[in-house]
Amino acid sequence: MLEHGGRLLAAARRYGIAAEHWLDLSTGIAPEPYPVPAIPPSAWQRLPEDEDDLAAIACRYYGARRVLPLPGSQAAIQLLPRLRPPGVVAVLEPSYAEYAAAWAAAGHQVRRCAADELLQLVAEVDAVVIGNPNNPTGRRFGRGELLALAQRLAARRGWLVVDEAFADAEEASESLADVAGGAAAANVVVLRSIGKFFGLAGARVGFAIAGDAILDRLAEAVGPWPIAHPSRLAAAAALADETWQQAQRQRLRRDGARLEALLAAAGLGQSSGTALFRYLAREDAPELHEFLARQGVLLRCFTTPAAVRCGLPATEAEWQRLTAALAQWSRR
């Protein structure tokens with residue numbers, strides 16, 4: 001089983017600190033979630049129906065021609081590799097560990113590579129999987145850069161899979177959601193989710209955006225009723241609420257800049273990342289993670305390369321708690 005952020009109960013057991021006493025900054029989930037309206041009782045009594053307005057609302061939000069609602073984008077990450085015969089897939093390193101795991105489990109040869117190696121490898125691989133922005137580094141790829149990569153892959157009937165889980169607070173012009181599956185990007189698959197920006201990871205709602213041939217096969221692999229009725233209602237409300245979305249983007253960009261400044265002021269150096277998290281590659285990352293964990297502050301720790309990722313505090317009290325913990329680290 002792969003390690004992920006958000007394993008709060010495991011940390012509570014390991015360090016002997018009750019879960020309610022932790023400051024959990026180990027995920028990139030927005031600390032202020034979308035205020036989901038009351039769920040009508042009928043949503044718990046009836047199976048969900050694909051004929052509701054969720055897909056249409058998602059198409060408008062993403063600017064996409066067609067979307068396939070999924071039980072989180074993780075479903076597509078695991079199922080897409082099974083829709084192709086075994087081949088060679090390039091995956092960024094470091095990146096979300098489930099990409100490589102899913103393609104390897106489906107019999108593909110995984111080539112881990114740095115961002116600047118992608119164009120060199122594209123003539124040798126059958127698929128490329130990247131996050132944009134990348135998790136955990138925050139590395140961004142330009143729209144033109146990705147479309148050029150997709151075009152070169154198309155010559156080999158290859159796919160470009162772009163996970164845009166952290167794209168909602170970014171400039172919309174860099175997303176491929178509006179062209180994925182179209183004539184100029186028929187081999188592009190874009191994955192989106194309401195877990196990070198909307199803070200609704202527990203709803204388990206994501207979307208695949210691609211051409212009909214890919215989405216039809218993916219829908220068959222997922223099976224009927226993939227998303228619970230209450231989750232569909234929550235997702236539809238969040239994706240339609242433009243006023244809240246605008247306020248959330250401003251809030252996250254402000255807090256992301258604050259976190260970047262706080263880490264630098266604590267002597268941790270320059271960080272990369274997104275509006276939702278900061279990434280610090282450091283040789284002493286395990287020691288930093290351990291030091292903060294013993295104070296009930298949970299970061300995400302990586303081993304290759306050694307690094308930590310820090311999410312956003314939710315309240316001013318949490319900001320002050322993180323500031324104090326980092327000050328102790330600086331004085332140790």
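## Glu290 and its partner

Glu290 counts as partly exposed, with a relative accessibility of 21% (buried means under 20% relative accessible area, exposed over 50%, and partly exposed in between, using a 1.4 Å probe and protein chains only). Its side chain meets that of Arg294 in a salt bridge, at 2.7 Å from N to O. A salt bridge here is a side-chain nitrogen of Lys or Arg within 4 Å of a carboxyl oxygen of Asp or Glu. Arg294 itself is exposed, at 59% relative accessibility.

A quick word on the model: it is predicted, so local features need pLDDT of at least 70 and side-chain atom pairs count only at pLDDT 80 or more, while totals for chains, interfaces and linings use all residues. Residues are numbered from 1 along each chain as its sequence is written, and side-chain values use heavy atoms, leaving out hydrogens and water.

How many salt bridges does a search of the whole structure find? The search turns up 20. One of them pairs Arg143 with Asp178, whose closest N and O atoms are 2.9 Å apart. Arg143 sits in helix H7 (residues 143–154) and Asp178 in the loop between strand E6 (159–163) and strand E7 (188–193), so this pair ties together parts that are 35 residues apart in sequence. (Helices, H or I with at least four residues, and strands, E with at least two, are DSSP runs numbered from the N terminus.) Both partners are partly exposed: Arg143 at 22% and Asp178 at 43%.

Asp284 and Arg282 make another salt bridge, with 2.8 Å between the closest N and O atoms. Arg282 counts as buried, at 18% relative accessibility. Then there's a network of salt bridges linking Arg65, Arg66, Asp212 and Asp216.

The structure holds two cavities of 30 Å³ or more. Picture a 1 Å grid over the protein atoms alone: a cavity is a set of points where a 1.4 Å probe fits but cannot get out, and lining residues have an atom within 4 Å of a point. Grid points are joined across faces, edges and corners, and the volume is the space filled by probe spheres set on the points.

The largest cavity has about 40 Å³ of space. Helix H11 (285–293), strand E13 (306–311) and helix H12 (316–331) each give two or more residues to its lining. That lining has 10 nonpolar residues, no polar and no charged (nonpolar covers Ala, Val, Leu, Ile, Met, Phe, Trp, Tyr, Cys and Pro; charged covers Asp, Glu, Lys and Arg; the others, Gly among them, are polar).

The second largest cavity also has about 40 Å³. Its lining includes Tyr99 and Trp103.

Key. 1 Å grid on protein atoms, 1.4 Å probe; cavity = no way out; pocket = protein on both sides within 12 Å on 5 of 7 lines; lining within 4 Å.
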